[in-house]
Amino acid sequence: MRAKITYFVTAAVLVFYFFLVGGRGLMLIRHGTLLTVTFGVAVLILPVIGVWFLWKNTQFVRRANALAAELDAEGGLPVDDLARTPSGRIDRDAADAVFTKRREETEDAPDDWRTWFRLAVAYQDARDTPRARKAMQRAIALRTSSPSGV
């Protein structure tokens, strides 16, 4: 729940920022000189990119959460029983051991979105966020291409 609140607060702050920057861009364009119009258009590009980025990330999170809910309903969601350091971080050796298992499962069933989902979780536990995101994108693509879930 804390992650959702943080996400929505951050998104709201970004949208507010986009409006502020967009307003400044429009003010520059209204000024009417070649230089201010050029800067105004350049400034308007930033909120457009930001809105696109926020939209794509929101779609990704919604789809990943839908997969998690479906996997949880099937009883296939990975259990978080990894050893942790005193500060609460996941122990690297424990994460690596689970990652090896998840990688082998994915190699055995490369067309199953469930194995890719669990591999993404293992990557995240091993603190490899870029690969976790790619594995989750693969899980989403596989699930989308096979609506029956098989």
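Phe-8 is exposed, at a relative accessible area of 59% (exposed is over 50%, buried under 20%, partly exposed in between; 1.4 Å probe, protein chains only). The structure is a predicted model, in which local features need pLDDT of at least 70 and side-chain atom pairs count only at pLDDT 80 or more, while totals for chains, interfaces and linings use all residues. Residues are numbered from 1 along each chain as its sequence is written, and side-chain values use heavy atoms, with hydrogens and water left out.

Phe-8 belongs to helix H1 (residues 2–31). Helices are DSSP runs of H or I with at least four residues, numbered from the N terminus. The C-alpha of Phe-8 is separated by 9.9 Å from that of Thr-58, 50 residues apart along the chain. H1 has 30 residues and reaches 44 Å from its first C-alpha to its last. That is close to the 44 Å expected at 1.5 Å a residue (1.5 Å times one less than the number of residues). Ala-11, Phe-18, Val-21, Gly-22 and Gly-25 are buried in H1. An α-helix has 3.6 residues a turn, so residues three or four places apart point the same way. The buried residues of H1 pack against H2, contact being heavy atoms within 4.5 Å. Gly-32 follows H1 and has a positive phi, near 95°.

The largest nonpolar core holds 19 residues. A nonpolar core is a set of buried Ala, Val, Leu, Ile, Met, Phe, Trp, Tyr and Cys residues joined through side-chain atoms within 4.5 Å. Leu-67, Trp-113, Phe-117, Met-136 and Ala-139 touch the most other members. Helix H2 (34–74), H4 and H5 each give two or more residues to this core. H4 provides the largest share, seven residues. Another core, of five residues, lies apart from it, and includes Leu-82, Ala-94, Ala-95 and Ala-126. In soluble globular proteins, nonpolar side chains tend to be buried together.

Arg-127 has a positive phi of about 65°, although it is not a glycine. Most residues other than glycine have a negative phi. Arg-127 is partly exposed, because its relative accessibility is 38%.

Pockets were located on a 1 Å grid over the protein atoms alone: a pocket is an open set of points where a 1.4 Å probe fits, with protein on both sides within 12 Å along at least five of seven lines, and lining residues have an atom within 4 Å of a point. Grid points are joined across faces, edges and corners, and a volume is the space filled by probe spheres set on the points. The largest pocket has a volume of about 780 Å³. Its lining comprises 23 residues, with Ala-3, Phe-60, Val-61, Ala-64 and Asn-65 nearest the centre. H1, H2, H4 and H5 each supply at least two lining residues. H2 gives the most, eight residues. By class, the lining has 14 nonpolar, five polar and four charged residues (Ala, Val, Leu, Ile, Met, Phe, Trp, Tyr, Cys and Pro count as nonpolar, Asp, Glu, Lys and Arg as charged, the others, Gly among them, as polar).

The second largest pocket has a volume of about 230 Å³. It is lined by 15 residues, and Pro-78, Val-79, Asp-80, Val-121 and Asp-125 are the closest to its centre. Helix H3 (92–108) and H4 each give two or more residues to this lining. H4 gives the most, with four. The lining of the second largest pocket divides into eight nonpolar, no polar and seven charged residues.
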